[in-house]
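This report looks at aromatic ring contacts and at charged groups placed over rings. The sequence and structure come next.

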Amino acid sequence: MTTVYDVPADDLIRKVAEELRKRQEIKPPAWAAFAKTGVHKEMPPEDPDWWFTRAAAVLRRVYVDGPLGVERMRSFYGGSKNRGSRPNAFRKGSGSILRKALQQLEAAGFIIHDKTGRKVSPAGMAFLDSMAKDVLANPPAPIPKRVKPVAEEPKKAETKKTKGAKAEKSDDAKGDKKPAAKKGEGKKAEKPEGHKEKAEGKKPEA
């Protein structure tokens with residue numbers, strides 16, 4: 001007989017979440033759209049149907065580890081909190097989410113609440129075992145990994161000034177090149193003869 005232990009947890013939770021979505025008792029509260037799943041999280045879940053996935057995971061957890069209570073369930077769904085320059089620290093998950101999910105599963109008849117805690121009911125056990133049998137016969141397709149698109153660098157828009165400057169440079173390049181200076185032209189001009197004779201101590205001829 002196929003049981004919950006015979007199939008991967010991820011595949012079973014996805015299958016159970018699809019079935020719980022059809023149940024009238026399992027409905028996300030009004031605050032589920034913007035609530036975090038714990039203080040260690042920075043943002044709410046991205047999946048809009050995350051409530052059904054969490055309810056399916058809670059039902060499987062009660063099946064495997066029950067009987068248990070909300071406080072122990074919070075440890076399963078906790079995580080590491082980023083505290084900036086200080087070392088990360090473990091924080092428990094949201095108790096309100098787990099309590100509400102357990103209450104809805106109780107209303108659906110999948111969980112029993114007694115003095116020892118919450119444990120799976122015979123109806124819930126049969127439901128999970130039948131879902132495990134379906135998963136083993138028809139495994140769901142793997143979830144494709146999200147690939148972040150590479151953002152292309154935006155091209156700088158050419159302004160009128162830059163266009164005018166480029167046009168001037170092109171015009172200068174097309175114009176005639178300046179003739180190369182001949183040898184000796186760059187040297188200093190020779191002094192006049194009269195000045196030279198004065199320097200030698202001779203009078204210039206009349």
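Arg23 lies over the face of Phe127, 5.8 Å from the ring centre, where a charge counts as sitting over a ring if NZ of Lys or CZ of Arg is within 6 Å of the ring centre and within 35 degrees of the ring normal. Arg61 is placed likewise over the face of Phe76.

| Charged residue | Ring | Distance to ring centre |
|---|---|---|
| Arg23 | Phe127 | 5.8 Å |
| Arg61 | Phe76 | 4.2 Å |

The model is predicted, with local features needing pLDDT of at least 70 and side-chain atom pairs counting only at pLDDT 80 or more, while totals for chains, interfaces and linings use all residues. Residues are numbered from 1 along each chain as its sequence is written, and side-chain values use heavy atoms, with hydrogens and water left out.

A search of the whole structure gives four aromatic pairs, a pair being rings of Phe, Tyr or Trp (its six-membered ring) with centres within 6.5 Å, called stacked for planes under 30 degrees apart, edge-to-face for over 60 and tilted for the rest. Among them, Trp31 and Trp51 are edge-to-face because their ring centres lie 5.9 Å apart with the planes at 85 degrees. This pair links the loop between helix H1 (9-20) and helix H2 (50-65), which holds Trp31, to Trp51 in helix H2, 20 residues apart; helices are DSSP runs of H or I with at least four residues, and strands are runs of E with at least two, numbered from the N terminus. Trp51 is buried at 2% relative accessible area, whereas Trp31 is partly exposed at 29%; buried means under 20%, exposed over 50% and partly exposed in between, with a 1.4 Å probe and protein chains only.

The rings of Phe110 and Phe127 are stacked, since their centres are 4.7 Å apart and their planes at 15 degrees. Both Phe110 and Phe127 are buried.
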